[in-house]
Amino acid sequence: MRWTRTLIPTLREDPQDAEIDSHKLMLRAGLIRKLSGGLYIFMPLGLRALKKVEAIVREEMDRAGALEILMPALQPAELWEKTGRLTTMGPGMFKLKDRQDRLLALGPTHEEVVTDLITREINSYRQLPCTVYQIQTKFRDEIRPRFGLMRAKEFIMKDAYSFDTSADAADISYQAMYDAYARLFTRCGLRVKPVEADTGAIGGKWSHEFMVMADSGEDAVIECTACSYAANVEKAERAVTVPAPCTACPVVEPVATPNTRTIEAVAAFLKVPAARIVKTVIFTADSKPVAALVPGDREVNEHKLLRILGAKTLERADDATVARVTGAPVGYAGPIGLTIPIYADQALENACDIIAGANAADTHLLHVCIGRDARVTAFCDLVNACEDDICPRCAKPLRLTRGIEVGHVFKLGTKYTEAFDSRYLNEAGKAEIMIMGCYGIGVTRTLQAIIEQCHDANGIVWPASVAPYAVALLSLDPKDESVRTAVANLERQLESNGIDVLVDDRDDRPGVKFKDADLVGFPFRVVVGAKSLAKGCVELKRRSGGDSELIPIETAAVRIGQAVAEARAALNPVSAN
Ligand SMILES: [Zn+2]
């Protein structure tokens with residue numbers, strides 16, 4: 001391909017509305033253009049790279065035995081009513097009506113459609129296990145689309161769904177997808193970390209997110225400084241040391257704390273660290289009040305509380321409810337004397353001589369001893385893990401980092417198959433419910449994550465497996481007949497060896513061509529100029545670094561072909577075996 005025959009609108013300056021490096025670079029390198037908020041057009045180079053990522057994803061899904069299908073993006077709303085998600089997905093789901101006034105949704109995901117399909121088409125244990133996948137456009141009405149393809153309203157996903165006869169068989173399907181994910185992200189040139197994750201609105205029992213670790217990532221991740229433990233901050237656990245029950249704690253003593261409705265105000269007024277105060281938060285779970293106790297320097301993790309309660313909904317209690325259950329205005333709740341269920345963080349078990357709200361206006365209690373004074377329903381993990389907490393696996397310190405979620409694997413269990421009554425006949429002829437798993441990859445997000453991880457001050461540094469073209473062939477003197485001939489020959493030889501090459505044939509200064517080659521990030525740059533050609537040579541340079549080398553023009557195609565093949569093979573754990 002010739003530069004002058006394609007459309008690569010590179011930009012010198014960083015675009016105004018791009019916040020992170022990968023978004024700036026996708027715009028500057030002419031890979032994408034914005035249509036409107038959260039909607040992007042893939043330009044020729046961006047689309048080439050995207051197709052390469054898709055091809056790797058497809059190969060690894062096929063290798064894992066998944067079957068490719070294609071479901072409609074437009075879905076009847078009745079299917080979503082069956083699982084209750086028409087409501088729980090909320091305003092994030094695009095909904096529309098057809099001319100018969102039937103409600104439809106633009107699919108943000110496809111659990112309902114695929115479970116309906118499998119329920120109709122599979123009825124015997126002989127047809128299981130079955131894993132299907134698709135690579136398809138998804139829609140989400142983001143409140144604040146941003147970071148380019150990272151959080152867009154329309155994006156491409158690979159979603160896969162496994163159906164099995166038993167929990168053990170479902171574990172095997174899950175592991176097959178987990179392993180495929182590890183392979184395909186490696187092949188894309190990404191370093192990813194699988195982290196334990198909360199299953200959130202999609203439901204289910206167990207899941208891992210595949211994270212590209214990056215400071216610009218939107219997801220907070222807790223990882224161990226010593227072992228491989230890593231988890232999404234909402235899911236992460238910590239080890240706590242529970243002290244022995246106290247024996248000689250002073251008696252509880254009320255203290256006047258006027259106008260101290262927050263932990264910070266109490267801490268400042270009494271001149272104690274926030275960690276010495278119990279934070280008591282009243283929630284309404286399925287319309288019943290409960291209290292959560294956490295150390296004053298922590299926040300209640302509502303996902304964890306919801307899970308512990310086994311409730312459908314959980315929200316902060318309104319002021320009237322707080323006043324009713326505590327007998328005090330908001331800001332003075334405490335565990336002593338409450339008659340509603342009390343769930344306390346594990347760090348508060350045997351906590352002694354601490355400060356708590358008195359359930360009376362402008363008053364707190366000193367010398368509270370949780371074991372002695374509070375009627376706690378259960379001690380459990382109720383907070384987010386933080387930097388310097390203790391690893392639950394190896395007791396070394398944890399640290400807080402950030403990541404970009406590019407893939408997610410879930411053990412769903414029977415949430416969807418029960419809603420659709422998806423049954424198969426087992427060997428004894430008995431109808432049993434199917435066990436399901438689901439597995440997503442943000443394909444467009446993965447493309448941008450590659451750039452977020454693989455770039456330098458001069459531009460993108462594409463891994464050879466996904467670069468829009470492996471080789472940029474720079475013609476420095478396009479008016480020179482011998483240069484033109486050498487370039488045309490080399491282009492033809494490389495292409496016939498299966499190497500994709502972009503010839504920069506623009507009538508521009510060499511500096512412009514070098515800058516653009518670095519910006520777009522072709523893994524290999526080959527320079528053909530009148531000067532080196534007079535010595536029978538061309539110049540080969542890797543975008544990832546190292547010196548350029550002069551190579552003889554006669555053997556250049558072979559040498560470049562080898563270099564590209566080596567760079568691709570280095571990223572492929574399958575070919576290396
Ligand atoms: Zn550890």
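Q: What does helix H9 lie across, and at what angle to S14?
A: Helix H9 (residues 319-326) lies across S14 and strand S15 (288-295), running at about 115° to S14. The structure you are looking at is a predicted model, in which local features need pLDDT of at least 70 and side-chain atom pairs count only at pLDDT 80 or more, while totals for chains, interfaces and linings use all residues. Residues are numbered from 1 along each chain as its sequence is written.

Q: In what order do the five strands of the open sheet stand?
A: The order is S16-S14-S15-S17-S20, with mixed pairing. Strand S16 (314-316) and strand S20 (378-380) are the edge strands, each pairing on one side only. On average, neighbouring strands of this sheet are turned by 35° against each other, direction ignored.

Q: How do you know that S14 pairs with S16?
A: Count the bridges: strand S14 (residues 278-285) and S16 are joined by three, and they run antiparallel. Two strands pair if DSSP finds at least two bridges between them, so these two qualify. You can look for Ala285, whose bridge partner in S16 is Leu314.

Q: Which residue takes a positive phi in the hairpin of S18 and S19?
A: That is Asn359, with phi near 55°; this hairpin has five residues between the strands. Strand S18 (residues 354-357) and S19 run antiparallel and are joined by three bridges. Gly357 stands opposite His364 in S19.

Q: What makes the bond between Leu128 and Pro129 a cis peptide bond?
A: Look at omega, which is about 0° for the bond that joins Leu128 and Pro129. Most peptide bonds are trans. Pro129 lies in the loop between helix H5 (111-121) and strand S7 (130-139).

Q: How many bridges join S7 to strand S8?
A: Ten bridges join S7 to S8 (residues 154-164), and the two run antiparallel. Ile135, for instance, stands opposite Lys158 in S8. S7 also pairs with strand S3 (residues 67-68), in the parallel sense and over two bridges.

Q: In what order do the strands of the three-stranded open sheet stand?
A: The order is S4-S6-S5, with antiparallel pairing. Strand S4 (74-76) and strand S5 (94-97) are at the edges: each has a single partner strand, so one side of each is left without a neighbour in the sheet. The twist from one strand to the next averages 35°.

Q: At what angle do the axes of helix H13 and helix H16 cross?
A: The axes of H13 (residues 481-496) and H16 (residues 556-570) come within 9 Å and cross at roughly 45°. This makes H13 oblique to H16. Angles under 35 degrees count as roughly parallel, over 145 as roughly antiparallel, 65 to 115 as roughly perpendicular, and the rest as oblique.

Q: Which residues of H13 meet H16?
A: Leu490, Gln493 and Leu494 in H13 meet Ala556, Ala557, Ile560 and Gly561 in H16. By class, this contact has five nonpolar, two polar and no charged residues. Residues are in contact if their C-beta atoms, placed from the backbone, lie within 7 Å. Ala, Val, Leu, Ile, Met, Phe, Trp, Tyr, Cys and Pro count as nonpolar, Asp, Glu, Lys and Arg as charged, and the others, Gly among them, as polar.

Q: Why are H2 and H6 called roughly antiparallel?
A: The axes of helix H2 (residues 44-63) and helix H6 (residues 167-187) come within 9 Å and cross at roughly 155°. H2 and H6 are therefore roughly antiparallel to each other. The residues of their contact divide into five nonpolar, no polar and four charged.

Notes
Helix = DSSP H or I, 4+ residues; strand = E, 2+ residues; numbered from the N terminus. Axes fitted to C-alpha atoms, helices over the stretch in contact; angles between N-to-C directions. Contact = placed C-beta atoms within 7 Å.
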